[in-house]
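Please read this note with the sequence and the model side by side. Each point takes up one topic and gives the terms it needs along the way.

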Amino acid sequence: MLQLTSLSDIRRHTELLRQQGKRIGFVPTMGALHEGHLSLLRAAKKQNDVTVCSVFVNPVQFNNAEDYRLYPRLLEKDAQMLDQEGCDILFAPTSEEMYRQKAILSFDFGELERVMEGAHRPGHFNGVATVVSKLFHLVKPHQAFFGQKDLQQFAIVQQLVLDLSFDLELVCFPIIREEDGLAMSSRNRRLSSGQRQVAPKLFEALQLLREKLRTATVEEARKEAEAFLALFPEIRLEYLEVVHAQTLQPLEEVNENVPVALCLAAFLGEVRLIDNVLL
Ligand SMILES: Nc1ncnc2c1ncn2[C@@H]1O[C@H](COP(=O)(O)OP(=O)(O)OP(=O)(O)O)[C@@H](O)[C@H]1O
Ligand SMILES: CC(C)(CO)[C@@H](O)C(=O)[O-]
Ligand code: BAL
């Protein structure tokens, strides 16, 4: 596996691959890789000639300095895992390299970013859109693979690709979970053993919400799921929303004609986790 760190190197390599007529599959990540990331990589490999994975903890998408400082960084192990999976190129720039010029461009995704992650993490999607645009220009992928775990991020990236006419296909893959239901996440590594034990309650709450929505109103079902989570003092719920799965706007009622997503974010201590299920 080729490991590149400079913008000019990745640019040159992907230009060459394009000239050779190779299809490039791209998996952008922030590293501390797990089976969720690997599922994206395997899909990228299956559908393309060459796979590129980026590992970059993007400072400009963090709204919390401690979260950035403590984000797990395991580049050597990541490189080994990627190599074993047959990834062709790992692009892992430093933040100095990525932001030689301070990025000042500002995006506004309208209603799409006024809810959930956008509402609770000011500036987050601006940082995501900035780095994803840079990565798309550098890697020049035919396909880019994202996880459903970051459902709102996927909707934002879809809008970005449409608005800026990026010539690539976006692919969204389902959430890979631990055996007890906890959505795999790099931040899970930061959980204490006590926090790790209660963390699956987040997914249980989403399942309970889904179950209750069969018979109860959105408001009633939400209250029941919130009351369930309130039983666990280690969990501090930030939001629990019933939304349209594409526009991500809150729904007052659900029916078969509308695609529905149930989304939450919660803190366990200082660790903030997100999860969702589609109805
Ligand atoms: N459990 C999962 N299943 C499938 N895809 C996932 C999973 N977790 C993350 N991804 C996807 O992997 C890509 C890279 O995500 P990222 O590196 O931020 O990992 P992460 O585990 O989501 O970390 P964290 O949530 O702690 O930031 C994103 O497209 C994300 O949606
Ligand atoms: C898409 C991404 C790699 C941009 O930094 C990040 O937000 C992530 O890992 O989901
Ligand atoms: N997986 C989304 C990146 C973030 O939490 O910043």
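1. Residue classes come up in several points below. Ala, Val, Leu, Ile, Met, Phe, Trp, Tyr, Cys and Pro count as nonpolar, Asp, Glu, Lys and Arg as charged, and the others, Gly among them, as polar. By these classes, the shell around ligand 1 has 8 nonpolar, 7 polar and 3 charged residues.

2. On the model itself: it is predicted, so local features need pLDDT of at least 70 and side-chain atom pairs count only at pLDDT 80 or more, while totals for chains, interfaces and linings use all residues. Residues are numbered from 1 along each chain as its sequence is written, and chains are lettered from A and ligands numbered from 1 in the order in which they are written.

3. Overall form. The protein has 11 helices and 9 strands; helices (H or I, at least four residues) and strands (E, at least two) are DSSP runs, numbered from the N terminus. The radius of gyration is 19 Å, close to the 19 Å that the globule rule gives for 279 residues, so the protein is as compact as a globular protein of that length. This radius is taken over C-alpha atoms, and the rule is 2.2 Å times the number of residues to the power 0.38. Along the principal axes, the C-alpha atoms fill a box of roughly 55 × 40 × 35 Å.

4. Burial and contacts. A residue is buried if 20 or more other C-beta atoms lie within 10 Å of its own, exposed if 12 or fewer, and partly exposed in between, with C-beta atoms placed from the backbone. Buried residues make up 35% of the 279 residues. Two residues are in contact if their C-beta atoms, placed from the backbone, lie within 7 Å. Of the contacts with a separation of 6 or more, 71% join residues 24 or more positions apart.

5. A residue is near a molecule or strand if its C-beta atom, placed from the backbone, lies within 6 Å of it. There are 18 residues around ligand 1, and Gly-36, Gly-147, Met-184, Ser-186 and Arg-187 come nearest. Both α2 (35-47) and β5 (143-147) supply at least two residues of this shell. The largest share, 4 residues, comes from α2.

6. Around ligand 2 are Pro-28, Thr-29, Met-30, Asn-58, Gln-61, Val-128, Val-131, Val-132, Asp-150 and Gln-153. The elements giving two or more residues to this shell are β2 (24-29) and α7 (124-139), and α7 has the largest share, with 3 residues. By class, the shell around ligand 2 has 5 nonpolar, 4 polar and 1 charged. Ligand 3 has Met-30, Gln-61, Asp-150 and Gln-153 around it, which divide into 1 nonpolar, 2 polar and 1 charged.

7. Which strands form the open sheet, and in what order? They are 3 strands in the order β7-β8-β9, with antiparallel pairing. At the edges stand β7 (235-244) and β9 (271-278), each with a single partner strand, so one side of each is left without a neighbour in the sheet. Two strands pair if DSSP finds at least two bridges between them. Here 9 bridges join β7 to β8, and β8 (residues 260-268) pairs with β9 over 8 bridges.

8. Details of the sheet. Ile-235 stands opposite Leu-268 in β8. On the other side of the pairing, Ala-266 is opposite Leu-273 in β9, and Phe-267 is opposite Arg-272 in β9. Strand β8 is mostly covered, with 7 of its 9 residues buried. A hairpin is formed by β8 and β9 with 2 residues between them, and Gly-269 in the turn has a positive phi of about 60°.

9. Two residues to check for backbone angle. Most residues other than glycine have a negative phi. Ala-32, in the loop between β2 and α2, has a positive phi near 50°. It is buried, with 21 other C-beta atoms within 10 Å. Met-116, in helix α6 (residues 116-120), has a positive phi of about 45°. Met-116 also counts as buried, with 23 C-beta neighbours inside 10 Å.

10. Phe-232. This residue is found in the loop between α11 (218-230) and β7. Is Phe-232 buried, exposed or partly exposed? It is partly exposed, with 18 other C-beta atoms within 10 Å. Leaving aside neighbours within four places in sequence, Phe-232 is in contact with Val-198 and Lys-201.
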